[in-house]
Amino acid sequence: MGEGKRPSGLRAALRHRDFALLSGAMAVSGSGNFLFNVTLIVYILDKTGSSAWVAAASIVHFLPYVLLGPIGGEIADRFDKRKVMIVADLGAGTAMVALTVAAATGGPALVAVVLSAVVTVFSALYFPSTSAATPALVGEDDLAAANTVMAAIENVNIAVGPALGGVLLLLGSPAAAFGVNAATFFTSAALTWPIRTSLKTESPERGEDDAKPSLGARLQEGVRAITGRQEIVLLVFVSLALMVFYGQELVLYALVAKELLGTGDSGLGFLFAATGVGGILVAGFAARLDGVRRQGTVLVIGTIAAGIPMIALAGVRASWLAYVLLTIEGAAFVVASVLYMTLLQRLLPQAVLGRVMGIMDSLLVSGIILGSLLAPIVVEVLGLPGALAFGGSLVIIPGAALFSRATSIDAAAEAKASELEPIVAVLERVGMFRGASLPTLEGLAQAAAHETVNAGDVLIREGAEPDDLYVIVSGTVVVTAAGDGFGRERVLDRIGPDGCVGEIGLLEQIPRTATVTAETDCEVLRIRGEEFLRIVTDGPGAAPPDLRAGVASRLAKTRPTTELGLA
């Protein structure tokens, strides 16, 4: 696969069919969620005229994320994530239909609050599965690009969702807006249904006969995964600061539009639209961050840059300048969000990723609630300009505190790269890895075990189930297959240094098509099949063109074309 042929930026993630389907589902349902947030506030205010009711509705709306996030992560780890997402969409859509009926018949505010909580319960089950499914859908190489797509979708929804809600409220009623949101959930389920990639997760360290651990024990594993490494603790700290910052935005920017800029409610929409535009503009750059060595340093810069515009808003009275500042903020916020999510997904074991994301959902939504509750108190004490300065500093200070640690994280990453460099150099010479990116090669290098094989030892036996991939570092192996039915074997090939064997069964998910025996003493790199598939491909059914070409060539040698159906 030539490097020039490989899609880059956002296309690198969206070329994966199943991820494109998931992205479409999240884009549709996400826009409905932001539409719903605006409509619910309007409906509650119309029924009660009380800001206390609005506050209560917001708390009830967010609490299920806090309370059920870890359970959603546990469900994501234990069950098929595709089925979890479909059930969650159908449940949320059904609750939204009930809310549509309640609004159309003039139902009380309490009914709307309760039904909004039911919708959030299903959302709390939905989002951990999407985060945990992403690595399986795109592979290691395109993980940062996939996270950028998700961030870009969220930024578009921030701008489009509220605007769509406003239009529907202007043209119709809250019931119409609720009905449209119900349709977005059902559409999301329909887009998720055709996903083919297996999204089941089994813990590799336990056999089928071992007793399944309790829910509490598995959640404790997630907590230990977060707290067990200082780098992950720091990432969680920064991400929590970003969410507190976002929670303050929800309150402070409404006051900015009204009191500082004089643009009113419509101006608030433009402010949030500006942050969305910033995220979209930087999306292509953020998608390429997986190849940047000093990711910790870039994370620090993005975090600090996200807080500066909020502080600067205190002295701004021109709306156009405010929009420019918030475009910068949105861009920086996306860079920081993509990096912390990418680093979390790479540092954490796949087996605990779902429950960690569930715990993270609870922490992050708690941060939003904290920021929203903190903002009016700070405004009361310091005034709006002081509250803006305070809010921005809550992101800048953690970013600055991370700086000294970020340099050590970068140094550790460089040391790790140096350690892997000899193995990466071997993999670069292997034909089927030609054009693979550095993150892919490093991922394979980390998964590779160096082994010595004696002459006459069998690495792969014909007819066995596929397990591992072998890269020949030194020596020669001979490839044989059953011959004419009289016990005689055919010698198909001899493979020396910089060759590999074992990819056919893994990529095609078929029994081994030949026997591979060490002809001389050999040094090999042994890569577990599941790791090879996770890092290099989307799953068993897809692979880069150079891998496919090599597989077809070797299959032609080991099986008759009539048996394989090959042209």
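A nonpolar core is a set of buried Ala, Val, Leu, Ile, Met, Phe, Trp, Tyr and Cys residues joined through side-chain atoms within 4.5 Å. The legends below apply this term to a predicted model.

**Figure 1. The largest nonpolar core of the predicted model comprises 54 residues.** Within this core, the residues with the most contacts are L242, L252, Y253, V256, L271, Y340 and L388. Two or more residues each are contributed by the helices α8 (215-227), α9, α10 (264-286), α11 (295-312), α12 (319-347) and α13 (350-428). A second, separate core has 20 residues, among them L441, L444, A445 and L469. In soluble globular proteins, nonpolar side chains tend to be buried together.

**Figure 2. Surroundings of V256, one of the residues with the most contacts inside the largest nonpolar core.** When neighbours within four places in sequence are set aside, the contacts of V256 are L261, G262, L271, L384 and L388. Two of these partners, L271 and L388, are themselves listed with V256 among the residues that have the most contacts inside the core.

Figure 3. Is S239 buried or exposed? S239 is buried, because its relative accessible area is 0% and the limit for a buried residue is under 20%. Beyond its neighbours within four places in sequence, S239 is in contact with Y340, M360 and L364. Of these partners, Y340 is also listed among the residues with the most contacts inside the largest nonpolar core.

**Figure 4. Strand β3 (residues 468-474) and its pairing partners.** Five of the seven residues of β3 are buried, so that the strand is mostly covered. Strand β8 (residues 522-528) pairs with β3 in the antiparallel sense, over six bridges. Within this pairing, L469 has I527 of β8 as its bridge partner. L469 is also included in the second, separate nonpolar core of 20 residues. Strand β6 (residues 500-501) runs antiparallel to β3 and is joined to β3 by two bridges. There, the bridge partner of Y470 is V501 in β6.

**Figure 5. Pairing of strand β1 (residues 448-453) with β8.** The two strands are antiparallel and share six bridges. In this pairing, V524 in β8 stands opposite E451. Strand β8 also pairs with β3 in the antiparallel sense. In a regular strand the side chains alternate between the two faces of the sheet.

**Figure 6. Lining of the second largest cavity.** The most comes from α5, with four residues. By class, six of the lining residues are nonpolar, three are polar and one is charged.

**Figure 7. Overview of the protein chain for orientation among the close-up views.** The chain has 18 helices and eight strands. Of its 567 residues, 51% count as buried. Among contacts with a separation of 6 or more, 83% are accounted for by residues 24 or more positions apart.

How values were computed: Residues numbered from 1 in each chain as written. Predicted model: local features only at pLDDT ≥ 70, side-chain atom pairs only at ≥ 80, totals over all residues. Heavy atoms only, no water. Buried < 20%, exposed > 50% of the residue type's maximum accessible area, 1.4 Å probe, protein only. Pairing = 2+ DSSP bridges. Contact = heavy atoms within 4.5 Å. 1 Å grid on protein atoms, 1.4 Å probe; cavity = no way out; pocket = protein on both sides within 12 Å on 5 of 7 lines; lining within 4 Å. Nonpolar A, V, L, I, M, F, W, Y, C, P; charged D, E, K, R; others polar.
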